[in-house]
Amino acid sequence: MTYQHAQDNWFAAFVIGFIALAVLINILRARVGAQLYIRRIPGLDAIDEAIGRSTELGRPVTMIPGLTSFGVVAVQALTIFKYITQQIARFATPMRLLTGDPTVFAVAQEAIYDAYNEAGRPDLYDADNIRFLSDRQFAFASGVAGLIQRERVAASFMFGEFFAESLIFAETGNMVGAIQIAGTTSFTQVPFFVAACDYTIIGDEFYATSAYLSREPVLLGSLVGQDIAKLFFALTAVGGAIIASIAGTDAPIIKLLGQPGGWDAFFGGGK
Amino acid sequence: MTPLTHLIAQSIWRLPETLSKDQRYLYASLIVLGAFVLVLGLIPVLQTLPPRGRRAVIVTVTFLAGLFFAAEFFLPVDWRSIFPKDDPTRNFLTPAIQPAQNVLQIIGALALGLGTYGLVRLHLRNVVQKRTQWGYSVVLLVAFVTMATFSIWNTLAEKELVKKTPFVERGFSILFDFTLVQLDAAMFSLIAFYIFSAAYRAFRIRSVEASILMFTAMVVMIGVVPLGAYISYTLLGLPQGPAPADADLWTRILHSAGLPTIANWVLTTLNAPVQRAIEFGVGIGGLAMAIRLWLSLERGVT
């Protein structure tokens, strides 16, 4: 088996280092008290509204991280669910967290328990409300759809990585009249969520969610670092397009950045 | 040697060929036994630690694990100038990547046991306490036990650890191929109907944006199926393919006006760059999150 290494393309390694540096420097800036701005995200403002509706109706809130296996996407999704659970705990609203990955299930149990604890209501925690249904895609989908129908959920939060099952969740929620807020990194599923949900968090807004909700300096700083990295990519794309248009795709600078082996290959060395 | 030890020695550990068969099985068994003892001993030790101590352990392990993968990626791979016989496609940490990934798989397998336990416990309670709709729980438990029995039996039979009988083979085939796979297909086919109802809501003309969306979607949908080519090239008689180099402006416009050409332009010139931009954003966000997790700056669920 072959593995990728920084030496395969030093430019890519440099970009990773640059992003890491941008993120860390801005986290430090935020920690020393720099005021950082974050724009309004309507979908996230609607979380409280959805919880309020569930409380009024006395019907449960569902939280679905999809089939996300344990990784950065799952951690982000659980961070959002933890925030939602803290809000839910204030009103003793019933909740169900449904997952299709056993590792996420184990961590979710701890995260939700912590959320109830931090909200001062550990008595409301019920391990049965965090459910691993199945790791088979459509068995999981039918389990979630069945629960949404049977319990007539009032609000549904879908954050994580979704595949073809996304529309099954969203349409079933729509049928029972639930307020639905979805956020995913799977851009192929975004159109389905946009069509079927009340609010959709798109692309990297998903990673901005925890910063938006908690306003923690570390997260806000990280977000500014991400924006600097995005600006860098945008400038590289525009610069690359201009250079390729003027000098052609064989221009030395384009070879330097894109050729396997990176600078090694450019200077005649390489593997 | 027992079949289980044989399975462990063959599939999990690759012990040196110089060892005899008996020695390899013995070592494999000891290693697995040792790992179990270590894990079972570690859990109570971690439980006795105060929250701050537990957090320190998690922070240290997370940092070291992240450092290992980062160092493996960033360290140069070609060390032939110092060690002439070295493999130029990997550094000294690369061989440890696969075992590290195996560890992750083992953790996942343990978690699967935990998840299954939670699921069975919940439904057993539903049945015992006769909660609302407990009949569904009975169905789940019966299906679970039946499927698990036939699956495990069939897997052991395939590995020649138990005798393969027509009953097992047929039973597994009925449960898996003729039931589970078909139920999966039925769920998947539901998506077609859901797409229809979702598309109806999305395409209702309520604003300028919705109108543009609907018009573009119609062009793409018709353009990528044979109907688009039929309307453009047979009914309207538009010219197909790229315009000649010396063609005038009007001819060029006619060559570009076919629905398949417009649909292709929308997909490759408008849609693809936007998707790439979103992917870049998601990638950067993921990297930032990974850094925060590695350095234990993320306080959400850790």
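Student: How are α3(A) and α10(B) oriented to each other?

Tutor: The axes of α3 (residues 72-91) of chain A and α10(B) come within 9 Å and cross at roughly 80°. Axes are lines fitted to C-alpha atoms, for helices over the stretch in contact, with angles from 0 to 180 degrees between N-to-C directions; helices are DSSP runs (H or I, at least four residues), numbered from the N terminus. Angles of 65 to 115 degrees count as roughly perpendicular. The two helices, α3(A) and α10(B), are therefore roughly perpendicular to each other.

Student: What kind of model is this, and how are its parts labelled?

Tutor: Residues are numbered from 1 along each chain as its sequence is written, and chains are lettered from A and ligands numbered from 1 in the order in which they are written. Local features need pLDDT of at least 70, side-chain atom pairs count only at pLDDT 80 or more, and totals for chains, interfaces and linings use all residues, for this is a predicted model.

Student: Which residues of α10(B) meet α3(A)?

Tutor: Contact requires C-beta atoms, placed from the backbone, to lie within 7 Å. From α3(A) come A:Val72, A:Val75 and A:Gln76. Their partners in α10(B) are B:Gly286, B:Met289, B:Ala290 and B:Leu293.

Student: How many residues of chain A are in contact with chain B?

Tutor: Chain B contributes 52 residues to this contact. The number from chain A is 54.

Student: Which helix gives the most to the side of chain B that touches chain A?

Tutor: α3, α4, α6 and α10 of chain B each supply at least two residues of that side. With 16 residues, the helix that gives the most is α10(B).

Notes:
Two residues are in contact if their C-beta atoms, placed from the backbone, lie within 7 Å. Angles under 35 degrees count as roughly parallel, over 145 as roughly antiparallel, 65 to 115 as roughly perpendicular and the rest as oblique.
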